[in-house]
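Please look over the sequence and the model before reading on.

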Number of protein chains: 2
Amino acid sequence: MRVLAFLDGTLADPDAAHITVDDLGLLRGDGIFETVLVAERKPRELGPHLDRLARSASMLDLPEPDGAAWERLTRQVIDNWPGSGDFALKLVYTRGREGDPAAEPTGFALGMEIDPKVLEAREKGIAAVTLERGIEPGLAERAPWLLLGAKSLSYGINMAAVREAARRGAADVVFTAGDGSVLEGPTSTVLLARGRTLYTPPPSIGILPGTTQAAVFRGAERAGWTTKIEPLRVTDLPAADGVFLASSVRKLTRVHTLDGAVLPDSTEPHAELAEAYEQVYR
Amino acid sequence: MRVLAFLDGTLADPDAAHITVDDLGLLRGDGIFETVLVAERKPRELGPHLDRLARSASMLDLPEPDGAAWERLTRQVIDNWPGSGDFALKLVYTRGREGDPAAEPTGFALGMEIDPKVLEAREKGIAAVTLERGIEPGLAERAPWLLLGAKSLSYGINMAAVREAARRGAADVVFTAGDGSVLEGPTSTVLLARGRTLYTPPPSIGILPGTTQAAVFRGAERAGWTTKIEPLRVTDLPAADGVFLASSVRKLTRVHTLDGAVLPDSTEPHAELAEAYEQVYR
C-alpha cells in the first residue's frame, strides 16, 4: 500500500514510472529527504522535519523548500491514505534533471506501510554492532562540503553499514568516530540512559539533529528525567542502563545486544521512555 | 541529444519517465555507475569500465552484472547515437525497487552529449582547489562499509565539493586526506609529472582505480615515460612539472592553478601525454 503525491499537488500511481533517468537524485544521490511518522492520521514532528529539510537544502545549495507546499503535500497523502494504521511518509527533494541549469527540483511525498520488522523491533529490541564511520573530531565544521549532518539521498554508506551488521548477525549499527566517540545510527539517533538521565551526542560532531530524539527528550523531561546533549564514548555504552536508537518510524528502539554482548536489561527504562514519548502526542 | 537503453534491450525515450519513485538508486543512492567515453563510435576502456562496475557491485552486494549484457547495451546506444562526434555513455545499475526482496536491479545506459565546458577544459586547463575528504590512512581497508573505492550513486559529497570549488573561483577539486596525502578528484584521478616520470596515488588509500589514468600510463610508457603508483603529498603538487585530472570524458585535463596559485606551465608535458593517450587508440 503506497500513496504518492508530487509537489505540484498531483496524486500519482506509485507503481508507475515518474522519474527520468537523468534526475540528479538518481544519477548523483544529489537531493535530500525526510521520513515522517503518521500516527492516527497526524504527522508527528512535521515542523522539525520541515525545518531539517530546509537546513539540508541549504547545506546542498538546493532552492529553499516551500514549507507551506510541503505541508499541503503531507496533508494530501494523509487524506488519501486508505488504511487506518500508522504509516511512514517519505519527503524527497532532488536537484532535478541533469544538464538543465533551469531545471526545477523534483519533489514528492510517498506514504509507505511500516515494515513489520520495525514494529517487532520496537517491542523486542534489537542487536546492534559498532562500526567506524571515519569522522575525526572537528571535521564537520571544517569541511561542510562533506555534508555531515545533512539528510541527503547519498545514503549508500548507511545502507552498506546495515548490510555489514546483518553479516555480523545484528539488525543495526552504532557509528563511531576515530576518537572513540559515539556518532549516530545509519538511520537513527543514539540515546543512552544512566539512572534517570538521558543522553545524546551533539549534532556539532557531524550527525543529524534527531527529530524523534528531541521529542523523546521533551517527553522524558515532562516525566521527570534530566536530559543532556553531550559527547558519548563507545566505552559508555556497555555499562549504561539503556542504549536506544530513535527514529521517526522505529520510535525508541532498545539495543539489547551490542557487538555480540548482552547489555543490562533496559526493559523498564525503555517502557517508561516509550510511554513518555507517546504522551507528547496526547 | 540523448539515447537511452535498458538492460533488457529496450530503447526508450530519454525525456520520458522510466523510474519509479521508490527505486533505491533514488531513495538511497544505492547503486553504482560508470561513465565511458565513446570516440569515433568506439567505447574506450570498456573492459576496465565493466571490470570496475563488477567490483563496485561486489562492494555493494549487488548481483554480479552480466558483462555480455552490458556490452550489448553499450553497442545498442552507440548504434543508435544520431551524431558523429564523441559522447559520454553512462552505465547505471541500482538495487531496484524498495520493499521487494525479489526486486530486479534497475540497469540502463544513457548516451549524453559532452558538456562544452569539459571540451574547453581539455584544451585550456582548469583551476582547482584542495579540499579535505576526511579519510584517514588505513580507513578504506579497515572499514569496507564506507565504500571507499566503489563508484556508487551516492555522489552527494562529490557534487558539493565541486560547488565549493566554484565558490572559490575554481572548476574542480583535489581531495586530500588528513595526513596530507593526495586522494583523487570528485570525478577524476590525480596524476603528477616530474621530469619524464608520471605518478598517481594507489587505490588502496581509498580511491577509485582510474580507467583513464591506466590508459594514460600505458600510452606514457610507450612514449618512453616512467610511471609510478605511489602515495603523493599535497606539498608535492606546487613544484611538479604537471598536475592533471584524468577521467573518461575530460581525458587528461591540466590543472594550471591550485588554491589560487599559478602552477609551473605544464603545456608541454600535457601535450605530449595527451598525444600518448590518443595513440593508445590508434
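## Basis of the model

The model is predicted: local features need pLDDT of at least 70, side-chain atom pairs count only at pLDDT 80 or more, and totals for chains, interfaces and linings use all residues. Residues are numbered from 1 along each chain as its sequence is written, chains are lettered from A and ligands numbered from 1 in the order in which they are written, and side-chain values use heavy atoms, with hydrogens and water left out.

## How the two chains are related

Chain A is superposed on chain B by a rotation of 180 degrees with 0.0 Å of shift along its axis, at an RMSD of 0.0 Å. This is the relation of a two-fold axis. The superposition is by least squares on the C-alpha atoms of residues with pLDDT of at least 70 in both copies.

Of the interface residues of chain A, 100% are also interface residues in chain B, so the copies meet through the same surface.

## The interface between chain A and chain B

Chain A contributes 57 residues to the contact, and chain B contributes 57 residues; contact means heavy atoms within 4.5 Å. About 4,600 Å² is buried between chain A and chain B, with carbon and sulfur atoms giving 58% of this area. Buried area is the accessible area (1.4 Å probe) that two parts lose on being put together, summed over both.

Between chain A and chain B there are 31 residue pairs in polar contact, both residues being at pLDDT 80 or more. A polar contact is a pair of N or O atoms within 3.5 Å; within protein, one must be able to donate a hydrogen and the other to accept it, and residues adjacent in sequence count only if both atoms are side-chain atoms. Among the elements that give two or more residues to the side of chain A that touches chain B are strand S1 (2-6), helix H1 (24-28) and helix H6 (156-167) of chain A. Helices (H or I, at least four residues) and strands (E, at least two) are DSSP runs, numbered from the N terminus. H6(A) provides the largest share of this side, 8 residues. The side of chain A that touches chain B comprises 28 nonpolar, 10 polar and 19 charged residues. Here Ala, Val, Leu, Ile, Met, Phe, Trp, Tyr, Cys and Pro count as nonpolar, Asp, Glu, Lys and Arg as charged, and the others, Gly among them, as polar.

## Salt bridges between the chains

The structure holds 43 salt bridges over all chains, and 14 salt bridges are found across the interface of chain A and chain B. A salt bridge is a side-chain nitrogen of Lys or Arg within 4 Å of a carboxyl oxygen of Asp or Glu. One of them joins Asp61(B) to Arg163(A), with the closest N and O atoms 3.0 Å apart.

Another salt bridge pairs the side chains of Arg2(A) and Asp22(B) at 2.4 Å, N to O. This pair crosses between chains, from Arg2(A) in strand S1 of chain A to Asp22(B) in the loop between strand S2 (11-12) and helix H1 (24-27) of chain B.

## The two domains of chain A

Chain A is divided into domain 1 (2-113) and domain 2 (119-279), with bounds that come from an automatic or database domain assignment. The C-alpha centres of these two domains of chain A lie 25 Å apart. In chain A, 23 residues of domain 1 are in contact with 21 residues of domain 2, and the area buried between the two domains is about 1,800 Å², of which carbon and sulfur atoms give 60%.

Between domain 1 and domain 2 of chain A there are 2 salt bridges. Within chain A, Arg218(A) and Glu45(A) also meet through their side chains in a salt bridge (3.0 Å, N to O).

## Local features of chain B

At the start of helix H4 (residues 116-124) of chain B, a side-chain oxygen of Asp115(B) comes to within 2.9 Å of the backbone nitrogen of Lys117(B). Just after H4(B), Gly125(B) has a positive phi of about 80 degrees.
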